[in-house]
Amino acid sequence: MLERIAQAIAWVEDVAVGIIILGATFVLFQGVILRYLFNFAFSWTEEVVRYSIVWLVFLGGSIAARRGGHIAMDIAVVYLPLRAKLFVLGVASAISGGFTLIMTYYGYVLTRSIWDYGQVSPAAMIPMAIPFAAIPAGCALMSVRFILAAFAYLRGTDPFRKRAHLEA
């Protein structure tokens, strides 16, 4: 059951990233075409693409956490025995999960305050809470991924199946 929920969340992440990339590409493409062929440009094009990239970064961070793709300096664990490696990686994943939980909380506080003030973007008139909501949404998803990885490591299994840092 938990595995099916994780797969459904992964599917939603992947589809959302695909839709955002396609949308941002379309908006950017139409902006270039309008500017160079018709000497006309919408004022909101850059804003929409910028906010799309913000969402891509945070959703991409969750996808990277799901795949074990975040940057790690594993020189400290390369020479440890396998059980010690798994323990250290579990602790590191738990710390990462704790950090992203803190980011989720403060991202929510920031997003909520921006929503309460009713701030909107200058050109597109988008509520600024929408771009800022990428912080708590992405960090919450990353927290789940990091915590699940920490539990797997601490149970003695590699959640990413034979990654190089365990084989050295």
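The backbone oxygen of Gly 97 sits 3.0 Å from a polar atom in the side chain of Thr 100, a polar contact in the sense used here (N or O atoms within 3.5 Å, where within protein one must be able to donate a hydrogen and the other to accept it, and residues adjacent in sequence count only if both atoms are side-chain atoms). All of this comes from a predicted model, in which local features need pLDDT of at least 70 and side-chain atom pairs count only at pLDDT 80 or more, while totals for chains, interfaces and linings use all residues. Residues are numbered from 1 along each chain as its sequence is written, and side-chain values use heavy atoms, with hydrogens and water left out.

Thr 100 itself belongs to helix H3, residues 82-117; helices here are DSSP runs (H or I, at least four residues; strands are E, at least two), numbered from the N terminus. With a relative accessible area of 5%, Thr 100 is buried, a label that means under 20%, with exposed meaning over 50% and partly exposed in between (1.4 Å probe, protein chains only). What does Thr 100 touch, leaving aside its neighbours within four places in sequence? The contacts (heavy atoms within 4.5 Å) are Cys 139, Met 142, Ser 143 and Phe 146.

Over in helix H2, residues 45-67, there is Val 54. This one is partly exposed, at 28% relative accessible area. Again leaving aside neighbours within four places in sequence, Val 54 is in contact with Pro 131 and Ala 134. Its C-alpha atom is 15 Å from that of Leu 141, a residue 87 places away along the chain.

Next come the aromatic rings. Rings of Phe, Tyr and Trp (its six-membered ring) pair if their centres lie within 6.5 Å, and planes under 30 degrees apart count as stacked, over 60 as edge-to-face and the rest as tilted. That rule gives four aromatic pairs. In one of them, Tyr 105 and Tyr 106 have ring centres 5.0 Å apart and planes at 75°, so the pair is edge-to-face. Tyr 105 is partly exposed at 48%, and Tyr 106 counts as exposed at 53%. Tyr 153 and Phe 160 also make an edge-to-face pair, because their planes are at 65°, with the centres 6.3 Å apart. Here Tyr 153 is buried, at 4%, and Phe 160 is buried too, at 17%. Ring pairs also tie Phe 40, Phe 42 and Trp 44 together in a cluster.

On the surface, Met 1, Leu 2, Ile 5, Ile 9, Val 144 and Leu 148 make up a nonpolar patch with about 600 Å² of accessible area together. Helix H1 (2-38) and helix H5 (134-154) are the elements that give two or more residues to this patch, and H1 supplies the largest share, three residues. Ile 9 is found in H1 and counts as partly exposed, at 33% relative accessibility. Patches are built from residues with over 30% relative accessible area and no salt bridge, with nonpolar side chains (Val, Leu, Ile, Met, Phe, Trp, Tyr) joined within 5 Å and like charges within 9 Å. A salt bridge is a side-chain nitrogen of Lys or Arg within 4 Å of a carboxyl oxygen of Asp or Glu, and accessible areas come from the Shrake-Rupley method with a 1.4 Å probe, where for residues only the protein chains shown count as cover.

Finally, the loops. Asn 39, in the loop between H1 and H2, is not a glycine but has a positive phi of about 55°; at 72% relative accessibility it counts as exposed. Met 125 lies in the loop between H3 and helix H4 (129-132), and its phi is positive as well, near 60°. Met 125 is exposed, at 52%.
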